[in-house]
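Please open the model in your viewer, with the sequence panel beside it, and follow the stops below in order. Each stop names what to select and then describes what is there.

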Amino acid sequence: MGRSGRTPLLCLALLACGLAFVACEPEVKDHPKDNFKPEGDREHIDYNRVDFSDLSERVVFFAELDQKLRLWREAKNKNVHEVIQPTELSLKEMVRGNFSQLVTACREGQPSERAIASMALGFSNDSRALTPLLDLLADPDPDLRWNALVSIGNIHDPETPVDPILLALEDSDPRVRAGAAYCLGGVIPPRTDKGALIPLLKATQDPDTRVRANAVATLGAMGNHMATKTIVSNSLFDEHWIVRLNACAALGRMKDQRSVVPLIEKLDDENQDVRIMAEEALQQITGQEYGRNKSAWRAWAEENKTELE
């Protein structure tokens, strides 16, 4: 990961095989959908229906959908934007063209179809998918709960009910908790809380790395300076580099000057990506460019210590 000169907005792609970090493209607005309903709510659906009564067509459709979802996950994992964007467009077309049938499959299909449909509906960009996805949060299968949380977060509807997601943040399955932390970052616009601040602060101490990493990323997206102290004390010096990386990015996005001094200490972190992100965060907060020269940064911080308190 090299220096990019852009706001370090970070998120996690929570793949079934484990934890993966990706750096997202910069956003023009503070929130993917700001405070508006998803665009898909105003677009046509079911315009390219596959005949699900034909078993062969149905099998081929779900196989192709699953293949594209796997391609998207791999591309997100490796941050390959030239693959991510066209794959997302292709998934959106497949999902919206068969929206109603996928909702039915999500509720009543075979286990493999339910798993594919629950992940695919996140590409619908349509809040009409929220009801069946929210219903899945009570399903006994943790894989379905996880898929549903990722999809709900990807739809980015600011009117999404938060209570069932907060409940999932306390799930016994760590992957579901991680999915809930990710999901909250997609449905809560910046500078709002919706009761998620304290649960997310608590999640920065979760025993699972994925939960901690997603929690701090979401706190950074929310931008509440009340989280700065917790991010610095719990996340910036976490044992896992990916949590420290997301902590640096979160602090850079929040632009709370109280985080400057602790960020300086991360300029010689054992992980290169963390060092680079700490530098970018310091530049975002201060507007200064001292590279990774800790002495220069410390001298600047000493000269401006009144403003940094």
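Helices (H or I, at least four residues) and strands (E, at least two) are taken here as DSSP runs and numbered from the N terminus. This is a predicted model, in which local features need pLDDT of at least 70 and side-chain atom pairs count only at pLDDT 80 or more, while totals for chains, interfaces and linings use all residues. Residues are numbered from 1 along each chain as its sequence is written, and side-chain values use heavy atoms, with hydrogens and water left out.

**The whole chain**

Begin with the protein chain in a cartoon view, where the secondary structure comes to 16 helices and two strands. Of its 309 residues, 56% count as buried, where buried means under 20% relative accessible area, exposed means over 50%, and partly exposed lies in between (1.4 Å probe, protein chains only). A contact means heavy atoms within 4.5 Å, and among contacts between residues at least 6 apart in sequence, 68% join residues at least 24 apart.

Select R212, which lies in helix α10, residues 209-222. Is R212 buried or exposed? At 6% relative accessibility, R212 counts as buried.

Now display its side chain, which reaches the backbone oxygen of P207 at 3.3 Å; a polar contact is a pair of N or O atoms within 3.5 Å, where within protein one must be able to donate a hydrogen and the other to accept it, and where residues adjacent in sequence count only if both atoms are side-chain atoms. Not counting residues up to four places away in sequence, R212 touches A203, T204, Q205, D206, P207, D238, E239, H240 and V243.

Which residue forms a salt bridge with R212? The partner is D238, with the closest N and O atoms 2.7 Å apart; a salt bridge is a side-chain nitrogen of Lys or Arg within 4 Å of a carboxyl oxygen of Asp or Glu. Because R212 lies in helix α10 and D238 in the loop between α11 (228-235) and α12 (241-254), the pair ties together parts that are 26 residues apart in sequence. D238 is itself buried, with a relative accessible area of 9%.

**Helices α10 and α12**

To see the contact, select T209, R212, A213, V216, A217, L219, G220 and A221 of α10 together with I242, V243, N246, A247, A250, R253 and M254 of α12. By class, this contact has ten nonpolar, three polar and two charged residues; Ala, Val, Leu, Ile, Met, Phe, Trp, Tyr, Cys and Pro count as nonpolar, Asp, Glu, Lys and Arg as charged, and the others, Gly among them, as polar.

**Other salt bridges**

By the rule given above, the count comes to 20 salt bridges. Select E265 and K294, whose side chains meet in one of them at 3.4 Å, N to O. E265 lies in helix α13 (residues 260-265) and K294 in helix α15 (residues 294-303), so the pair ties together parts that are 29 residues apart in sequence. E265 counts as partly exposed at 31% relative accessibility, whereas K294, at 15%, counts as buried.

Then move to D126 and R128, a salt bridge with its closest N and O atoms 2.6 Å apart. D126 is buried, with a relative accessible area of 0%, while R128 is partly exposed, with 39%.

Select P262, which lies in helix α13 and counts as buried at 15% relative accessibility. P262 and V232 are 30 residues apart in sequence and 7.1 Å apart in space, C-alpha to C-alpha. Leaving aside neighbours within four places in sequence, P262 is in contact with V232, L236 and F237.

Finish at L200 in helix α9, residues 197-203, which is buried with a relative accessible area of 0%. Leaving aside neighbours within four places in sequence, L200 is in contact with L169, A181, L184, A215, T218, L219 and M222.
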